[in-house]
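Good morning, and thank you for coming. I shall go through some features of the structure on the screen, one at a time.

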There are 2 protein chains.
Amino acid sequence: MPTSVKNLQYLKATNQASILRHLATMGPTSRVELAHKLGLSKMAITNLVADMIQDDLVFETDQKISHNGMTGRKSIALDIPDCRINAVGLFIERFAIHCNAMDIKGRQFYYDKLPIPPESDNAAAMEIIFRLLDRLFQKYSEDTFSGIGISSIGPVDLNSVTILHPTNFYHISNLPVGKFLREKTRLPIFMLNCMSAAALAERLYGNAKNCNHVVYLGLGSGVGAGAVINGNIFTGSKGFASELGHMSIDPIRGRKCFCGQRGCLETYTSTYSILKRLRYPSMEQLLKDIEANCFTDKAREELSTFYQAVRSAIIAIANIYDPEMIVVGDQGSQLLEPYLPKLQKELHILMIQHDLHDITLTTSAFQNQTSLIGAPSIIFDRIFSKVLPPFNGIKAS
Amino acid sequence: MPTSVKNLQYLKATNQASILRHLATMGPTSRVELAHKLGLSKMAITNLVADMIQDDLVFETDQKISHNGMTGRKSIALDIPDCRINAVGLFIERFAIHCNAMDIKGRQFYYDKLPIPPESDNAAAMEIIFRLLDRLFQKYSEDTFSGIGISSIGPVDLNSVTILHPTNFYHISNLPVGKFLREKTRLPIFMLNCMSAAALAERLYGNAKNCNHVVYLGLGSGVGAGAVINGNIFTGSKGFASELGHMSIDPIRGRKCFCGQRGCLETYTSTYSILKRLRYPSMEQLLKDIEANCFTDKAREELSTFYQAVRSAIIAIANIYDPEMIVVGDQGSQLLEPYLPKLQKELHILMIQHDLHDITLTTSAFQNQTSLIGAPSIIFDRIFSKVLPPFNGIKAS
């Protein structure tokens, strides 16, 4: 019966992926604790782990840990070897492309970056990507990695791994990154927009590790969000979900937005818009002046508008997504940092079911690096969801 | 190996649930077509269907249908017997409790309703529910049904099947409907808020049958939404998701809302708010006057504000959920009907990725009955998701 054999393999792979996920994101764990956390019998865990030890996916540490809630007996902790399962990350943002390499436990062991010169076109962008990969693969052979995760400025087409037409992205448009990369590498390639990738980074390795429902709000030169719902990244039907930046908070009299609406959140909360309106050269300068309390009235007003708009966004996120946690990231989150306790309080007063649950509001664990950490996280998420095997199979084939 | 046996049963049950779902929602289908639609081999379908025929879940109709895209050969269509798998629905709204009975193919074969007298408390509400069920079970024995689905005014606690504290709901508050019902019946009981239930009704039996991503926007005396994401109802972490009514479109200068914010969508789009501001006795009267073009300037202005607010909501839904379809329902959707083509056009201009995909905007297939049809749909959705077996097992036990 080939069908049932395939099905049993399927179940085994699913359970092994769950073990990998737990060890990679929650750290060393005993067999007993794994059985408890994953809802499997101790016998099942022992069998699954035995195979994983054989495959060098898991090893027994010297560490003995006591069972959760039990005293006395201690068990050997299992762990994943460092740099045993790795992924390449490409983070494509407006002014630069970043390349990193990370292991499944979230340890970044390589980082590189090249700027995107103004007026670049598709060919120029691909050349930068190829140069970054060449430099990486000179140091680490291709079969070190389980895949390449691409965290890109949106909009992107997830299925064809294509950057569609980001606004103000020089002459880069409809760039089929996946197609070109497949001519160069046999590694599996997956893409998400950089907001979704950031949400994954927080969920797997950041401040939202235990949360199945997380929204990441990115306040950068553009504004958007990424969401994890029931433990899975939420892409919508076509991959364009969570475009929070174009939720209008003043559709009649608000600021004009390039999208055609008025009053879009982005027009009040993007660092691009704030810097332009205040004629500041950089966020660094603005943050410095804020710290020195060296404000113009106009700046004070603009920051107050920023704060109010973010508050509306946070309340809307709470009411629409009902997450366990909201993580605010990217440069604009630094402007918000001093107001975070106040905002958390207002959220708990103003969200509609405020008396029935709490939603934790926090800033990103990775500061401005969340979308970068998100890039290899895309591959690990696929491994944890069993879409990808832990190894790329290039050597074997 | 008891584990693998359990696992094979699990896979069989999953596949049979998929067959049930297809036949129940898409109508009579041949084995070949089922194999094609569900991605299973024809042999697997034949085996699965044989068992289902034995259990009287499926029968061979007299009808022969040609395969999709093939000419010539025709195959016997399979169907589910009428009223073979049934559920009870309870729809608890502000002024009344409705009880219906529906089969898995979406045929309602029983309907009853009792008003909730003003000043009712928890005991009075439960008495009404019990009376409705007594009257139903006098006509159809309990084991006719696979479960009781409750579609209720929110907020509700899904796990404990409790109505929490709806605003202006007399003295009804923290009512553990599930606990009381379990003293009376052994049928499985599941609850959703009435917006989520409405989304399920549209997804299973209404205008969104083929859509895995649907948002239902309910414009009634309250305003809210329900969403199906990747084919599953989206509840959020605590069951309070999609509270669209409290997305603010004018947080600084907008109308005051009971939630503490200003400018909530609900203050512009709920029928309660519109009728109150225009001092109209009923929606019927308002709709009549609109048809007769018998408007005051104030009414014209109010309706224009209503339209603009709904437009903002629809665009926000498109940008946030990226659904395939948006279904507008409840009484307020009648006010919207004449503007629907215009709204669809504006949506396609103003949603952020408008050049990359279409989102269909439509009104509900069930007019004001969507949340009522949603109630038994909750049970069928659980059967299709294999959370519940097709039969309640009461007779067998």
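A helix, as the word is used here, is a DSSP run of type H or I with at least four residues, numbered from the N terminus. Please keep in mind that this is a predicted model.

In helix H4 of chain A, residues 122-139, we find A:Phe137. Is A:Phe137 buried or exposed, or in between? A:Phe137 is partly exposed, because 16 other C-beta atoms lie within 10 Å, and a buried residue would need 20 or more.

Next, helix H3 of chain A, residues 42-54. After H3(A) comes A:Asp56, with a positive phi near 60°.

Let us turn to strand S14 of chain A, residues 325-329. Why may we call S14(A) largely enclosed by the rest of the structure? Five of its five residues are buried, which is the reason. A:Met325, A:Val327 and A:Gly329 point one way, while A:Ile326 and A:Val328 point the other. S14(A) pairs in parallel with S11(A) over five bridges, and with S15(A), also parallel, over four. A:Met325 stands opposite A:Val214 and has A:Thr360 as its bridge partner in S15(A).

Finally, the two chains. Chain A superposes on chain B by a rotation of 180° with 0.0 Å of shift along the axis, at an RMSD of 0.1 Å. The copies are therefore related as by a two-fold rotation axis. In chain A, A:Ile249 has the C-alpha nearest that axis, 2.1 Å away.

Definitions and conventions
Residues numbered from 1 in each chain as written. Chains lettered and ligands numbered in written order. Predicted model: local features only at pLDDT ≥ 70, side-chain atom pairs only at ≥ 80, totals over all residues. Helix = DSSP H or I, 4+ residues; strand = E, 2+ residues; numbered from the N terminus. Buried ≥ 20, exposed ≤ 12 C-beta atoms within 10 Å, placed from the backbone. Least-squares fit on C-alpha atoms with pLDDT ≥ 70 in both. Pairing = 2+ DSSP bridges.
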